[in-house]
Amino acid sequence: MDRTVLHSDLNNFYATVERKLYPELAGKPIAVCGDKEARHGIVLAKSEEAKKFGVKTGDVIWEAQRKCPGLVIRPARFREYVRWSRAVRDIYARYTDLIEPFGIDECWLDVTHSKIFGDGERIAERIRREVREELGLTVSVGVSFNKVFAKLASDLKKPDAVTVVGREEVRGKIWPLPVSDLLFVGKATAKKLSSVGISTIGRLAAAEPSFLKKFLGKWGETLSAYARGEDNSPVRHMNESADLKSIGNSLTYREDIYNYEDVKRLLYVLSESVAARLNDSGLGKADTVHLWVRDKELENYSFQKKVRPTALCGEIAEAAYALFRTQYKTRRAVRGLGVTVSGFDKGVRQMTLDDLSGEYEKKERAEKAVDEIRKKYGYSKIQRGIMFEDRSALSMDVRGERLVRPGGVDGEVASQDDGEPDMEPFEGD
């Protein structure tokens, strides 16, 4: 028996919440943006009215205002967005406890065993109506037999709509769509697939899996299965916590990065976050550091290296930076960076020479002292010297649940090109 999976996507979520908080904004074009004082503050989300003027996620604020002279700029209020998101999930919980978030404004729901409320389409319509009537928000809901196609279905008709894709409708509704519409097929992957004549989901489904594995690696096999509708991944229970295999953080920066010092600074910002979360997790130390890099052409690269077991920010950052210096061979400016650690010892480890010398413990005590000062007086009160070379880095509170990541907030990748500076990327030291 096929499962019945819903994917719910709140429409223009940030902008709609702003209107709930400030009713006088009704009918006006709105853009929720990052720091307006920053030289490259950008649009994180926008209303339907702003979209009609061509405003896009990732537009620089001045660029968005040029497209739409009457654009109302609102600061992001993530605490409010989380509060409203939870209220929506309370409505979902009336129908199932299998609710898996996919970001603050999207969720999968498995309603296979919720037949008392009707079939998947009827449940989706009830959810859509209740969210609108009780909260004043609108939601687009996709209904299908797996998570990947339910997500695709929710994107087919917006805003405030329900779209059903049954198994017998895949050939007519899904396969003619651009391959870039498939979940996890980014611009770089779509470009690679297009180079070998795979431009639609149907062509991806028809391609030989062994070729895709050779062409894209193991991920090629996964995308091939997704295109054929062979996604069997479960929708997690709303209170289920997966066995944590890694801890990481990433960011999409406000402008292209052209020199090593800026990369190093941001890797420290990310490593502060990773180390803090690792220390809070109770998983002990990690023995592997992973680096993710996205260049200005939106090509992605991943590298990793073994390290001595550590939970120290400085050691994680230096390992990530060493990977960048030695492994990132493409001399293109960088737009995104990510740091992840894995291989946790869960507090069980063998004694090493570093333990005997006390060298690790000294560094650990120093980092804990800094952490205590931040807890008492605020994150910004004590910073690493490298941060003072870029004032915007000083305001990044990496202990929070989120770094401001323009990419992916509204389902699009935030990217801008203000022109090439008169320099080669990563020249010298």
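**Notebook: salt bridges and a sheet**

I looked up lysine 173 and found it partly exposed, at a relative accessible area of 33% (buried is under 20%, exposed over 50%, partly exposed in between; 1.4 Å probe, protein chains only). I note that this is a predicted model, in which local features need pLDDT of at least 70 and side-chain atom pairs pLDDT 80 or more, while totals for chains, interfaces and linings use all residues. Residues are numbered from 1 along each chain as its sequence is written, and side-chain values use heavy atoms, without hydrogens and water.

I then checked the partner of lysine 173: a salt bridge joins it to glutamate 169, with the closest N and O atoms 3.2 Å apart (side-chain nitrogen of Lys or Arg within 4 Å of a carboxyl oxygen of Asp or Glu). Glutamate 169 is partly exposed at 25%.

I recorded a count of 25 salt bridges by this rule. One of them joins arginine 94 and glutamate 134 at 2.8 Å, N to O. Arginine 94 sits in the loop between helix 4 and strand 5 and glutamate 134 in helix 5, so the pair ties together parts 40 residues apart in sequence (helices are DSSP runs of H or I, at least four residues, and strands of E, at least two, numbered from the N terminus).

I turned to the sheet: three strands form an open sheet in the order 3-2-4, with mixed pairing (two strands pair if DSSP finds at least two bridges between them). Its edge strands are strand 3 (43–46) and strand 4 (72–75). Strand 2 (residues 30–33) pairs with strand 4 in the parallel sense over four bridges.
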